Amino acid sequence: MDFPMFHLDWLNDRFLIAAIAILHVFINHGLAVGFIPYITWLEQKGVSMASPNQITNLEWDTLVYKKMKVAFIITTTIGAMTGVGIWFSVALVSPASIGSLIRVFYWAWFIEWLVFVTEVVLILIYFLTWKNANTSLKAKIRHINFGWYLSVFSWITMAIIVAILGFMMDPGNWNNEQTLLNGFTNPIYLPQLLFRTPTAMLVAGVFGMLLTTIFAKKGTEMRSKAIKFAGQWILAWIPLAIIGAVYYWNVMPAAMKENMATAVGSQDFAEYYNLLKYFIIGAASLAIILAGVAVLKPKKIKLAYVIVPCLFVFGFLGIFERVREFIRKPYVIGNYMYSNLLREEDYPLYKRDGILKYATYTSVTEITEENKVEAGKDVFMNLCSRCHTVNPQGVNSIVYVFERMYGFGKPLDEGAMKAYIPNMHNGRTYMPPFAGNEKELDALVAYIKQVQETGESLEGVQSAGVKINPMNSAVEVSKRKNNKEKDTQLAKN
């Protein structure tokens, strides 16, 4: 609660992070971790296919270069921007969680940044020296080696980040012994890494086949070979992806599996949860069928046949990221920090004194009948705004949630809401327990009821500015600290 509250009352704060992160994963997995080794492998194939008087098969090399050009442009533009965008959006929406993660994984992230800088240098070298590498066999082999170095560094970047993602789902023994090693070796790290790695390779193979149908001339032997190699690549990685998925599922905590139905989309979508199973089976089946036809009858493969499987595998990757983000709720960091950014160990204090007493950015410190609605607004902002909007047309609108429970087109029942909110986490396990005291509960209910009546929106600090809790201003905190030091000194004397 020591940060001003950024809020988007139409999009939903976490949806902002999710949209940027999912796009980044598409690029990171599909065009970096998986695609770079795929391209390097194909470049190596060009040397082996060359005639005795050639360094590499130039027609093949040109085709592979065109594919790499697509990956280079996307990863160094959209990929780079979304990578920065994740940090920017998380710092706005979830500063306490990212601050906690940085304190735990400071040196891991430091190493990851060094690896990333090396990765950037290598991809520049690999792409920009491609044509010059065809001057001699020695230069070409050196260039291919740069591709493999780039592949390794791209994977290491993901391997470090996956440790942090796994930690957020299940910190394991870290809560007992808070060390970097314990955080890094969390129970979900290895299973998630063993799933993500072959999945990235699989996505890269399907996308690579799509590019082949775009860049290679129809009916040529070169096109058939490229499609066949893509099919072989996909078939090689599919079994490992399935094994990784099963391993990942088996180590996932039971509470997260229970959240799965809602995690796919929303509460409204929960009854259609079986669609996810069909989607996964469909994506895997389409990839297998596509790869099988590509290997046996590569000339049959056309652009239209690859588009749907490509959309399915990227769609699966997006759904996986959405599900992974949601199922760890009610926590943003498992068993440590709730999704409202309050630490679990601080809850008894908040329930006793209320959260507004300890909030830095609030206009109300003592709740009265006159300021009850304003206090409820601050309670909502601190406890609910990271997942809910106020605007009736907003994503996950709090008014819509309650109207769906108690009936549309009629005033909300304050008594029913007061009875429900303190126990909501029992029925909806993905929601954190209510952290405030009795007065703050009354204020929150009064605010939600007013919102239903007026249809007003909730502005974040980016529009409304900030109001400082006078009891937690720098001056007051300094006074309390000085008084405490004086009392300690007097006690010693």
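A search of the whole structure, which is a predicted model, turns up 31 aromatic pairs; here rings of Phe, Tyr and Trp (its six-membered ring) pair if their centres lie within 6.5 Å, with planes under 30 degrees apart called stacked, over 60 edge-to-face and the rest tilted. One of these pairs is Y350 with Y358, an edge-to-face case at 6.0 Å centre to centre and 70 degrees between the planes. Y350 is buried at 9% relative accessibility, while Y358 comes out partly exposed at 27% (buried is under 20% relative accessible area, exposed over 50%, partly exposed in between, using a 1.4 Å probe and protein chains only). Elsewhere, F26, F35, Y38, W41, W60, F207, F229, W233, W237 and F314 make up one aromatic cluster.

Some of those names come back in the largest nonpolar core, which has 51 residues, with F35, Y38, I39, M68, F207 and M209 having the most contacts inside it. A core here is a set of buried Ala, Val, Leu, Ile, Met, Phe, Trp, Tyr and Cys residues joined through side-chain atoms within 4.5 Å. Helices supplying at least two residues each include α1 (13–33), α2 (35–49) and α13 (303–327), and α8 gives the most, with nine; helices are DSSP runs (H or I, at least four residues) numbered from the N terminus. Leaving aside neighbours within four places in sequence, F207 touches L31, F35, V70, C310 and F314, contact being heavy atoms within 4.5 Å. There is also a second, separate core of 38 residues, F380, M417, I421 and V451 among them.

As for charges, the structure holds 11 salt bridges, each a side-chain nitrogen of Lys or Arg within 4 Å of a carboxyl oxygen of Asp or Glu. R324 and E321 meet at 3.0 Å, N to O, and both are buried. The two sit three residues apart in helix α13, so about one helical turn separates them. E345 and R343 pair up at 3.5 Å, N to O, with E345 exposed at 57% and R343 partly exposed at 30%. K418 bridges to D442, again with closest N and O atoms 3.5 Å apart. Because K418 lies in α17 (residues 414–420) and D442 in α19 (residues 438–454), this pair ties together parts that are 24 residues apart in sequence.

Residues are numbered from 1 along each chain as its sequence is written, and side-chain values use heavy atoms, with hydrogens and water left out. Local features need pLDDT of at least 70 and side-chain atom pairs count only at pLDDT 80 or more, whereas totals for chains, interfaces and linings use all residues.
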